Amino acid sequence: MRLLRQPGIVVSVVVVLATVVVMLWPAVFATHDPYQGVAVDRLQAPNGTYFFGTDHLGRDLYSRVVHGAFLSLASAGAAVLVGVVVGAVVGLLSGFIGGRIDFVVMRFVDVLIAVPSILLALIVVASLGFGPWSVALGVGLGATGSFTRIMRSQVVRVRNAEFVEAARTLGVRWPAIVFSHILPNSARPVIAYAALELGTAILAVSALSFLGFGAQPPEPEWGALVSAGRDFVSTAWWLSVIPGIVILVIVLAVNRLARAIGESK
Amino acid sequence: MTADNLLTVTGLAVDYTSRTGTTHAVRGVDFVVPRGSIVAIVGESGSGKSTISQSLVRSLAEGGAIVGGAIEFDGRDLTQLPERALRGIRGAEIGFVPQDPSNSLNPLLRVGEQIAEILRLHKKTSRADAAAEAVRILDEVGIPNAAARAGQYPHELSGGMKQRVLIGIAWACAPKLVIADEPTSALDVTVQRHVLDRIESLAREHGTAVLLVTHDLAVAADRADQIIVMQHGRIVETGTAAQVLGSPAHEYTRELVSAAPGLSSARLSARPLAVASEALTLGFRDARARATDNILEVAGLTKTFVLRSAGVATSFTAADDVTFAVPRGSTFSIVGESGSGKTTTARMVARITDADAGSITFDGDDISATKGEALRQLRRRIQVVYQNPFGSLDPTMTVERIVTEPLRAFRIGAKAQRAETTRALLNAVRLDPALAERRPTQLSGGQRQRVAIARALALGPELLVLDEPVSALDVSVQEQILQLLVDLQAEFGLSYLFISHDLGVIRQVSDHIAVMKLGSMIEQGPARIVLGSPAQQYTRELLAAIPGRRNE
């Protein structure tokens with residue numbers, strides 16, 4: 001609990017908790033309908049009624065950001081989940097089996113890491129079709145390489161630990177050793193990296209949506225909101241800038257927390 | 001201060017401050033070191049003995065600070081002296097022999113240069129003279145062919161050689177005091193004796209005072225004029241070796257004296273365990289077939305490792321035609337120095353490492369090629385206790401999960417029964433059953449080793465392979481674990497294959513002893529014959545190396 005004495009971490013915890021609450025119950029926090037605009041109120045600057053202003057159809061930007069939270073964050077979360085699960089399973093098997101299979105898998109991972117992950121994500125989205133969930137899958141697969149590498153190095157380390165050999169001499173079977181010794185002792189760095197990767201995934205998902213590969217209008221996904229505001233940057237700056245700041249703040253908060261998780265013992 | 005006391009420490013107090021709080025490592029310590037005498041500080045880990053030796057030259061670990069008292073060295077108070085003046089004293093007037101020789105030499109410098117360096121620094125000797133003097137010093141500390149050795153790097157020397165180089169560095173500038181902090185605990189026993197002999201003879205020849213810090217009361221008894229016994233940061237007893245050993249005044253000293261393996265010679269006798277419990281025998285199987293007198297017979301066991309360095313493959317025979325037998329219910333010990341092949345032999349018997357040749361007959365069956373499920377079932381009857389209880393227990397598990405792991409592996413008992421078995425097993429190894437919820441990191445070394453023994457007992461094995469089970473533990477804890485092993489053996493009719501480098505430990509538990517050297521068993525027989533009238537010169541050397549024999 002020493003961590004809570006650091007103001008940066010306290011702020012980050014508050015931001016992340018608030019974001020999660022908003023994401024789960026957007027209707028409680030939204031002040032207007034996110035899809036139905038009021039035509040006469042179009043392109044209003046932020047004010048007391050419309051906290052973040054309105055767009056060219058008179059829709060309340062604040063309510064759209066609130067309702068977009070779920071889509072943006074859930075697909076980022078799904079992306080990390082894909083990366084962790086696939087990476088952990090492949091890394092575990094590769095490190096555990098070892099030998100030639102391990103060599104081949106790790107060279108493949110080298111290739112995967114060498115290819116820019118956004119490009120990998122684009123390939124997946126292009127072949128699966130546009131939409132937030134194929135973006136999530138693409139971003140997730142792009143992150144798989146790093147997770148595989150971390151998991152494998154942990155498994156190789158733990159596998160040679162004396163307590164694993166001791167478990168063998170106790171007559172414990174290999175599957176039981178994997179679940180009771182190898183996984184619990186390998187998980188920590190993977191979890192710390194997953195937390196760090198969440199921030200990156202939020203950015204990647206937003207970037208792909210910005211490019212139009214993710215959620216389609218009128219869905220209020222954050223990257224899509226920034227993109228939609230581009231046409232009005234000179235007259236209605238808030239349409240792009242405010243969703244951009246929201247993304248920035250949340251990614252910073254998530255990264256700070258992830259660093260704290262990684263550093264704590 | 002009287003003129004013949006070189007070092008006078010009064011009321012020394014040292015604290016360590018960390019984020020979790022302040023620890024009073026040393027409190028109210030007073031002692032004197034007379035000129036030219038050897039004073040030993042004895043205590044277990046955490047007693048503050050090393051802290052004292054470090055505070056003398058003000059090189060405490062991070063967070064450590066001298067918070068009170070005075071250290072008067074040759075007329076000056078070292079606690080008041082500025083850092084600059086202290087630098088002139090360290091190395092020149094006070095030499096230091098560290099514990100671990102492998103980390104204390106610069107790996108990039110030739111050893112001769114490392115001695116010459118200190119001569120140039122403190123005595124302003126010219127480069128050529130310093131180099132010549134370094135060779136003379138290497139010769140004096142007993143390094144053969146000193147001129148050639150001076151040109152070698154530390155990794156080309158053995159541990160004992162490196163420690164001699166460090167002794168040479170400590171004595172290079174003819175210091176008045178040398179602090180030797182556990183100078184031999186990282187070395188093999190026979191080497192230990194030579195290193196201690198060297199320290200002692202240098203001290204006597206040069207009239208140097210030595211402050212010897214050690215956990216081994218027997219070593220202190222052999223070498224020191226005065227012994228200081230420490231516990232929990234305080235001095236509990238001071239006196240001459242004869243006083244401290246002959247008539248220890250303090251309870252703790254009496255414990256240490258009776259625990260020191262070198263000082264007690266008899267095999268420990270079993271005490272009854274009050275643990276007869278249904279739950280304990282959950283993993284035990286029904287009446288065993290007693291087909292043979294010997295539970296284990298090993299014949300012609302051989303193992304060769306191939307080492308590859310710089311593309312050249314060299315083979316190394318770790319165990320060469322090893323043959324022995326372990327009578328049922330007795331302890332068979334293998335003693336040897338590092339690299340003698342004793343651990344490799346134990347690992348082959350426990351079927352962790354495969355043998356290249358030879359047979360292992362357990363209870364009448366050859367198990368040297370047993371595989372798969374048959375091998376797994378065999379694990380119920382042969383269990384292993386490792387040297388390092390910090391490595392052999394999974395840090396993420398609770399004690400209860402660790403102890404019941406073998407039961408779960410063989411699907412023995414229901415959950416509630418297993419919990420009861422845990423308590424019975426912890427009782428059997430004399431551990432508080434309340435510790436079942438703890439994790440290994442929250443236990444001391446001795447407690448961890450008890451957990452490891454409890455785990456090994458869970459399946460009711462017939463043979464325990466004990467690979468240096470006490471060498472990572474403090475002496476008084478060693479004694480307790482050895483006693484426990486002897487008691488458990490009597491209670492459950494266990495047979496032990498006991499591996500150790502320490503004949504002092506071995507003679508406390510063994511019925512039969514085998515001596516290994518360079519992969520071969522050079523001598524074996526009943527304990528009293530091997531210890532009493534050894535046939536081999538090497539065995540006699542090992543016996544002579546047990547500290548604590550001078551006062552017998």
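1. Against which elements do the buried residues of helix 7 of chain A pack? In this predicted model, they pack against helix 8 of chain A together with strand 16 and helix 14 of chain B, and the points below take up these elements in turn.

2. The overall setting is that of a helical chain: chain A has 10 helices and 0 strands, and its pattern along the sequence reads α-α-α-α-α-α-α-α-α-α. The C-alpha trace of chain A spans about 80 × 45 × 25 Å along its principal axes, and buried residues make up 43% of its 265 residues. Of the contacts in chain A with a separation of 6 or more, 69% come from residues 24 or more positions apart.

3. Helix 7 of chain A covers residues 162-169, and its buried residues are A:Phe163, A:Ala166, A:Ala167 and A:Thr169. These residues lie on the same side of helix 7 of chain A, because they cover an arc of only 160 degrees around the axis. After helix 7 of chain A comes A:Gly171, whose phi is positive, near 90 degrees.

4. Helix 8 of chain A (residues 174-210), which is among the elements that the buried residues of helix 7 of chain A pack against, is also paired with helix 10 of chain A (residues 238-263): their axes come within 7 Å and cross at roughly 165 degrees. Since angles over 145 degrees count as roughly antiparallel, helix 8 of chain A and helix 10 of chain A are therefore roughly antiparallel to each other. The crossing in which helix 8 of chain A passes helix 10 of chain A is left-handed.

5. On the side of helix 8 of chain A, the contact with helix 10 is made by residues including A:Ala192, A:Leu196, A:Gly199 and A:Leu203, while helix 10 of chain A contributes, among others, A:Ile247, A:Val251, A:Val254, A:Ala258 and A:Ile261. The residues of this contact between helix 8 and helix 10 of chain A divide into 13 nonpolar, 4 polar and no charged.

6. Turning to the interface between the chains, 19 residues of chain B are in contact with 15 residues of chain A. Strand 16 (382-385) and helix 14 (399-409) of chain B each supply at least two residues of the side of chain B that touches chain A, and the largest share of that side, 3 residues, comes from helix 14 of chain B. The residues of the side of chain B that touches chain A comprise 8 nonpolar, 5 polar and 6 charged.

Technical notes
Residues are numbered from 1 along each chain as its sequence is written. Chains are lettered from A and ligands numbered from 1 in the order in which they are written. This is a predicted model: local features need pLDDT of at least 70, side-chain atom pairs count only at pLDDT 80 or more; totals for chains, interfaces and linings use all residues. Two residues are in contact if their C-beta atoms, placed from the backbone, lie within 7 Å. Helices (H or I, at least four residues) and strands (E, at least two) are DSSP runs, numbered from the N terminus. Ala, Val, Leu, Ile, Met, Phe, Trp, Tyr, Cys and Pro count as nonpolar, Asp, Glu, Lys and Arg as charged, and the others, Gly among them, as polar. Axes are lines fitted to C-alpha atoms, for helices over the stretch in contact, and angles run from 0 to 180 degrees between N-to-C directions. Angles under 35 degrees count as roughly parallel, over 145 as roughly antiparallel, 65 to 115 as roughly perpendicular and the rest as oblique. A crossing is left-handed if the near helix is turned anticlockwise from the far one by less than a right angle, and right-handed if clockwise. A residue is buried if 20 or more other C-beta atoms lie within 10 Å of its own, exposed if 12 or fewer, and partly exposed in between; C-beta atoms are placed from the backbone. The arc is that of the directions from the helix axis to the C-beta atoms.
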